[in-house]
Amino acid sequence: IDSSGNESEKSNPLSIVYSDTQPPDPPSDFSYKIDGKVLRLSWTPSKATDLRGYYLYRGESREVFPKITHEPIKGNSYVDEGIQGKGFNPGGRYIIAISAIDNAGNESEKLIIEDILFPDTDPPSPPVGVMIDIISDNQLDISCGASSSQDVKEYKLFRSENSGIESAKEVSSSDFAPFTFSDTTVSSNNRYIYYSVAIDSSGNISSKSISDTVSFKDLIPPPSPRAVYAIIVNGG
């Protein structure tokens, strides 16, 4: 436009497509609650005006930390039911994170919660069982098998004498299995019942193993008499 107000022809047109590269604000107050074997997650929504939803991440370390919601989720809560919806493993430790996604596909920084521990309330599998060998008239060797559980830290062996299994008392323990215990406190003509249990790293106790019973009898004959002599009495 010149000083007299005359307007020229228009210049060449130029088309510009605006590209939004600004990530949205992340959500806040990200928290969790353990409910049985699932995680209940909640957060305060992002303040972004073009918000599309949220992505959630979960793993056992920062090195293995995959996205678990492939489509952005709405709302401000989510129930994580673990791998394949089967719940989390008791005793497992996990890390979770959340991020916000806008309509242009920009992702905010992640809010991360680390070291989420699911309490281990499941008892380990019972030991395979016990076997008894009679060694002598005052010794029994009891062999105890292992549990199939991987987090067992201790095994305990129990003995009941001449009564029901409910009155059994601990006679030995071991931090590995199989193991053998030599019981030298037995006596003849008694009946003994042995069983073992496994204890995991969280203190959960397995059910009793299959028990073994022995009726311990004295099978060793006494030594023969010695120095036999005779006396004639009253002449006959």
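The legends below accompany an overview and several close-up views of a predicted model of one protein chain.

**Figure 1. Strand composition and overall extent of the predicted protein chain.** The secondary structure comprises 13 strands and 0 helices. Read from the N terminus, the order of elements is accordingly β-β-β-β-β-β-β-β-β-β-β-β-β. The radius of gyration of the protein chain is 38 Å, well over the 18 Å that the globule rule gives for 236 residues, so the chain is more spread out than a compact globule. The C-alpha trace spans about 175 × 25 × 20 Å along its principal axes.

**Figure 2. Burial, contacts and surface of the protein chain.** Of the 236 residues, 34% are buried. Among contacts between residues at least 6 apart in sequence, 61% join residues at least 24 apart. The accessible surface amounts to about 15,400 Å², and carbon and sulfur atoms account for 49% of this area.

**Figure 3. Charged side chains of the protein chain.** The protein chain carries 33 negative and 21 positive side chains. The centres of these two sets are 6 Å apart.

**Figure 4. Close-up of the aromatic pair Tyr94 and Phe118.** A search of the whole structure finds 7 aromatic pairs. In the pair shown here, the ring centres of Tyr94 and Phe118 lie 5.9 Å apart and the ring planes stand at 90 degrees, so the arrangement is edge-to-face. Tyr94 belongs to strand β5 (residues 93–102), whereas Phe118 is located in the loop between β6 (111–117) and β7 (130–136). The pair thus links distant parts of the chain, its two members being 24 residues apart. Tyr94 and Phe118 are both buried.

Figure 5. Phe158 lies in strand β9 (residues 152–161) and Tyr195 in strand β12 (residues 190–200), so the pair ties together parts that are 37 residues apart in sequence. Phe158 is buried, as is Tyr195.

**Figure 6. Close-up of an aromatic cluster.** The view shows the side chains of Phe30, Trp43 and Tyr54. These three residues form one aromatic cluster.

Terms used
Residues are numbered from 1 along each chain as its sequence is written. This is a predicted model: local features need pLDDT of at least 70, side-chain atom pairs count only at pLDDT 80 or more; totals for chains, interfaces and linings use all residues. Side-chain values use heavy atoms; hydrogens and water are left out. Helices (H or I, at least four residues) and strands (E, at least two) are DSSP runs, numbered from the N terminus. The radius of gyration is taken over C-alpha atoms; the globule rule is 2.2 Å times the number of residues to the power 0.38. Buried means under 20% relative accessible area, exposed over 50%, partly exposed in between (1.4 Å probe, protein chains only). Contact means heavy atoms within 4.5 Å. Accessible areas come from the Shrake-Rupley method with a 1.4 Å probe; for residues, only the protein chains shown count as cover. Lys and Arg count as positive and Asp and Glu as negative; His and the chain ends are not counted. The place of a charge is taken as NZ of Lys, CZ of Arg, CG of Asp or CD of Glu. Rings of Phe, Tyr and Trp (its six-membered ring) pair if their centres lie within 6.5 Å; planes under 30 degrees apart count as stacked, over 60 as edge-to-face and the rest as tilted.
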